[in-house]
Amino acid sequence: MTLNNHEYWMAKAIQLAQQGLYTTHPNPRVGCVLVKDDQLIGQGFHAKAGEGHAEVNALADAKQAVDGATAYVTLEPCSHQGKTPPCADALIKAGVARVVYGMQDPNPEVSGKGLAKLKKAGIEIIGPVLEAECEALNPGFIKRMREGLPFVRVKLAMSLDGRTAMESGESQWITGPEARLDVQRLRAQSDAIVTGIGSVLADNPSMTVRIDNNDQDADPKSVRQPLRVIMDTALSILPEAKILYPAHQVCVFSVAEEVEPEHQDVLCKKGVTVRFAPRGEDGRLDLLDAMEQLADLGINEVLLEAGAELAGGFLQAGLVDEIVVYMAPKLLGSSARPLFTLPLETMSEAVELTLTSVSQVGQDVRLVYLPSYLDEDSEEDDDE
């Protein structure tokens, strides 16, 4: 087979993997197609943790004998026993002749072992194929495996003059219904939604996923509710706050010495999880430590929906991987609140962003940016 053929079938596997966008947590999104005599004979994707992986589902879907076929898999087949048996073993048992993979498993403890097992069994290995596209399926899983941190996506809504709320704090609604629906999809694909106590006290939000039954991109029956995380240094959240319902889906981060034990007991009895992070250099909660704790909980993707101060804190800490801005055709005026609180004084301190996507959502414009420090990492690698 030619490289073009491999890319064609891998693209099919990627399309399948995308069907698990809202459901696979904490596992990666993976797709697989089986090809024999240049014909598709089976396909599958991983839909939910604890259920069949993409390779197993593709084998079950096969319309004819699989022996001698080529398996196209977006992620290296697993070689270890988890909640399900190793996929590498299933492919060997089925008698496939060739495995074309999109990318190696980013987990350093297992990376390459699945491919080695397949190769030892006499199966031809080809790859990586469309590696960047396959990596784009699982930015959070990859970052958690490689760096011990979740992928943090900041969502912001602003007016044409770069303001997020009136001076009084009033902000509903800057954007239109189409943009707000798009935000619900961002929430649905996230493992956790993070906000600050300031936003909770000011707006009393629920921060839940609300998907319409007519949404063609996300099935409300299969969409799970992400963990809701509140950064609350002094644990001042009110027990009746909307965001605490249901309580078992909520985690509050605080600094231990700031917390009143009685208030903590009230929240814990409701079912809220209270976790502690140390005090950072700025005297506030250490955001890096909090993100490391979320990664330990299996959180792959975080959606940060917060005010300018917390958003600025994440950006200054170098924890932001992507910024999604919805810009509305409105002017809120010079007294309104900014996107980020950043103590910058000179042009040399300016944070540069790389624009990666522009699209219209209703009457609003959706802009996606990468922070400049991510580009700097790449440049350092090139210089070595």
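Questions on a predicted model

Gly312 lies in helix α11 of this predicted model.

Q: Is Gly312 buried or exposed?
A: Residues under 20% relative accessible area are counted as buried. The relative accessibility of Gly312 is 0%, so this glycine counts as buried.

Q: Which residues does Gly312 contact, leaving aside its neighbours within four places in sequence?
A: Contact here requires heavy atoms within 4.5 Å. Once the neighbours within four places in sequence are left aside, the contacts of Gly312 are Phe340, Thr341 and Leu342.

Q: In which helix is Ala311, and which residues does Ala311 touch when those up to four places away in sequence are not counted?
A: Ala311 has its place in helix α11, which covers residues 308–316, and with 1% relative accessibility this alanine counts as buried. Not counting residues up to four places away in sequence, Ala311 touches Leu304, Leu339 and Phe340.

Q: Why do the residues that UniProt lists for "binding site" not all gather at one spot?
A: The unreviewed UniProt entry lists residues for this feature, among them Ala157, Trp173, Thr233, Ala311 and Gly312. They span 157 residues in sequence and do not all gather at one spot, because their farthest two C-alpha atoms are apart by 28.3 Å.

Q: Where does UniProt place the feature "active site", and is that residue buried or exposed?
A: The unreviewed UniProt entry puts this feature at Glu55, a residue found in helix α2, residues 54–61. Leaving aside neighbours within four places in sequence, Glu55 is in contact with several residues, including Cys32, Val73 and Leu91. Since its relative accessibility is 3%, Glu55 counts as buried.

Q: How many Å apart in space are Val154 and Phe45, C-alpha to C-alpha?
A: Val154 has its place in strand β6, residues 151–159, and counts as buried at 1% relative accessibility. In sequence, Val154 and Phe45 are 109 residues apart, while in space their C-alpha atoms are apart by 28 Å.

Q: What kind of aromatic pair do the rings of Tyr8 and Trp9 form?
A: One aromatic pair is found in a search of the whole structure. The ring centres of Tyr8 and Trp9 are 4.9 Å apart and their planes stand at 80°, so this pair is edge-to-face.

Terms used: Residues are numbered from 1 along each chain as its sequence is written. This is a predicted model: local features need pLDDT of at least 70, side-chain atom pairs count only at pLDDT 80 or more; totals for chains, interfaces and linings use all residues. Side-chain values use heavy atoms; hydrogens and water are left out. UniProt positions are given in the numbering used here, feature names are shortened, and annotations may be inferred rather than shown by experiment. Helices (H or I, at least four residues) and strands (E, at least two) are DSSP runs, numbered from the N terminus. Buried means under 20% relative accessible area, exposed over 50%, partly exposed in between (1.4 Å probe, protein chains only). Rings of Phe, Tyr and Trp (its six-membered ring) pair if their centres lie within 6.5 Å; planes under 30 degrees apart count as stacked, over 60 as edge-to-face and the rest as tilted.
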